[in-house]
Amino acid sequence: LSLETELRDMLERGDGLVMHYQPLFSRDSGQLKSAEALVRWQHPVRGLIPPGEFIPLAERSGLILPLGEQILDRVISDITRWQNEGQAPVPVAINLSAAQFWQAGFADDIADRFSAAGIPPELIIFELTESMLLNKHDQGMAILTALNERGFRIALDDFGTGYSSLNYLQNIPAHSLKIDRSFIVALDNNTRGSRAIIAAIASLARELGLIVVAEGVETQKQWDQLGEYAIDLIQGFYTARPMTADAFTTLLNTQH
Ligand code: G
Ligand code: G
Ligand code: MN
Ligand code: NA
């Protein structure tokens with residue numbers, strides 16, 4: 001059986017996905033500020049398959065739309081549980097693939113969905129990459145504006161690796177910017193270039209009113225060096241790995 005066939009079968013049964021949650025902490029106060037939802041495929045034989053091994057396949061095969069729907073279902077049920085258990089929730093970031101973002105009526109559909117579930121849009125951050133807006137800048141901005149008007153927040157993911165001009169940062173209705181992990185990794189080698197890039201992106205983004213996230217922070221050295229720049233939030237294995245919804249529940253409880 002090919003992995004694609006197995007993915008298709010799993011999505012038909014609708015029983016194989018689990019979400020993990022990776023916390024984002026304030027660089028200054030250490031407070032838990034939000035979490036990124038990261039999908040895994042609980043495979044009966046292969047075990048827990050990371051998204052890097054099936055998201056690209058789903059994007060190539062058209063399965064990303066049903067997959068994206070089921071990811072939303074999972075996140076909605078996890079947030080609902082946190083709400084029902086009385087935990088003060090933190091915003092949850094959901095990664096979007098291009099095909100989801102470009103679906104006709106996406107902003108309205110998604111707004112209906114969260115509203116029906118009783119989840120305020122302010123609790124949801126959509127992560128998307130610069131490359132998704134490439135060549136279709138105006139239409140993309142219209143969708144972002146629609147999401148923003150409905151109360152959702154936007155994070156620019158993997159920032160610094162795409163091709164968009166810094167100019168568009170001025171107008172994009174985003175609330176945060178995530179500096180790509182590749183720049184953070186380079187801090188360990190004391191590369192002057194990557195320090196300059198982090199400093200420049202961070203100060204520009206903050207100047208524009210965006211929350212600045214450093215992602216992929218793995219070491220104390222990186223954490224220390226990031227204190228020199230306009231970094232608001234830290235995400236990475238150094239502070240916390242992606243964890244099960246249960247483990248994240250425990251973390252929420254310790255914070256409040
Ligand atoms: O965990 P890993 O490094 O394998 O993640 C690989 C990629 O999968 C990342 O780029 C991440 O953004 C993406 N990804 C993780 N969860 C989701 C999801 O729920 N939906 C989409 N579209 N992409 C995801
Ligand atoms: O493309 P995106 O930024 O959404 O990808 C997020 C991915 O990065 C997730 O798969 C997550 O597991 C991974 N990740 C999170 N923190 C770290 C880290 O500190 N180091 C590495 N190598 N990967 C990380
Ligand atoms: Mn992401
Ligand atoms: Na990223």
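Trainee: Is valine 18 buried, partly exposed or exposed?
Mentor: This is a predicted model, and the answer is computed from it by counting the C-beta atoms around the residue. A residue needs 20 or more other C-beta atoms within 10 Å to be buried, and 12 or fewer to be exposed. Valine 18 has 14 such atoms within 10 Å, so the residue is partly exposed.

Trainee: Which residue is the bridge partner of valine 18 in β2?
Mentor: Valine 18 is found in strand β1, which covers residues 17-26, and β1 pairs with β2 in the antiparallel sense over nine bridges. Leaving aside the neighbours within four places in sequence, valine 18 is in contact with Arg40 and Gln42. The bridge partner in β2 is arginine 40.

Trainee: Which residue in the turn between β1 and β2 has a positive phi?
Mentor: The two strands form a hairpin, with five residues between them. In that turn, a positive phi of about 75° belongs to glycine 30.

Trainee: What is the bridge partner of alanine 37 in β4?
Mentor: Strand β2 pairs with strand β4, residues 92-95, in the parallel sense over three bridges. β2 is also joined by three bridges to strand β3, residues 47-49, and there the two run antiparallel, with a hairpin of three residues leading from β2 to β3. On the β4 side, the partner of alanine 37 is isoleucine 94.

Trainee: Which strand gives the most residues to the shell around ligand 1?
Mentor: The residues surrounding ligand 1 include Ala37, Leu38 and Val39, as well as Pro50, Pro51, Asn95 and Ser97. By class, that shell has eight nonpolar and three polar residues, and no charged residues. The strand that gives the most, with three residues, spans residues 32-43 and is β2.

Trainee: How many charged residues are in the shell around ligand 2?
Mentor: Ligand 2 is surrounded by 15 residues, of which the closest are Gly216, Glu218, Gly236, Phe237 and Pro242. Sorted by class, the shell has four nonpolar residues and five polar ones, and the number of charged residues is six.

Trainee: How many of the residues of strand β6 are buried?
Mentor: Strand β6 covers residues 153-159 and is described as mostly covered. Of its seven residues, the number that are buried is six.

Trainee: Which residue in β7 is the bridge partner of phenylalanine 159?
Mentor: β6 also pairs with strand β7, residues 176-179, in the parallel sense over three bridges. Within that pairing, the partner of phenylalanine 159 is isoleucine 179.

Trainee: Is alanine 116 buried or exposed?
Mentor: Alanine 116 lies in helix α5, which covers residues 106-116. The C-alpha atoms of alanine 116 and glycine 160 are separated by 36 Å, although the two are 44 residues apart along the chain. With 9 other C-beta atoms within 10 Å, where 12 or fewer is the cut-off, alanine 116 is exposed.

Trainee: How many other C-beta atoms lie within 10 Å of asparagine 253?
Mentor: Asparagine 253 is found in helix α10, residues 245-255, and its C-alpha atom is 36 Å from that of threonine 161, which is 92 residues away in sequence. The residue is partly exposed, because the number of other C-beta atoms within 10 Å is 13.

Trainee: What radius of gyration does the chain have?
Mentor: The secondary structure comes to ten helices and ten strands, and the C-alpha atoms fill a box of roughly 50 × 45 × 40 Å along the principal axes. Of the 256 residues, 32% count as buried, and residues 24 or more positions apart account for 64% of the contacts with a separation of 6 or more. A compact globule of 256 residues would have a radius of gyration near 18 Å, and the chain agrees with this, at 18 Å.

Terms used
Residues are numbered from 1 along each chain as its sequence is written. Chains are lettered from A and ligands numbered from 1 in the order in which they are written. This is a predicted model: local features need pLDDT of at least 70, side-chain atom pairs count only at pLDDT 80 or more; totals for chains, interfaces and linings use all residues. A residue is near a molecule or strand if its C-beta atom, placed from the backbone, lies within 6 Å of it. Ala, Val, Leu, Ile, Met, Phe, Trp, Tyr, Cys and Pro count as nonpolar, Asp, Glu, Lys and Arg as charged, and the others, Gly among them, as polar. Helices (H or I, at least four residues) and strands (E, at least two) are DSSP runs, numbered from the N terminus. Two strands pair if DSSP finds at least two bridges between them. The radius of gyration is taken over C-alpha atoms; the globule rule is 2.2 Å times the number of residues to the power 0.38. Two residues are in contact if their C-beta atoms, placed from the backbone, lie within 7 Å.
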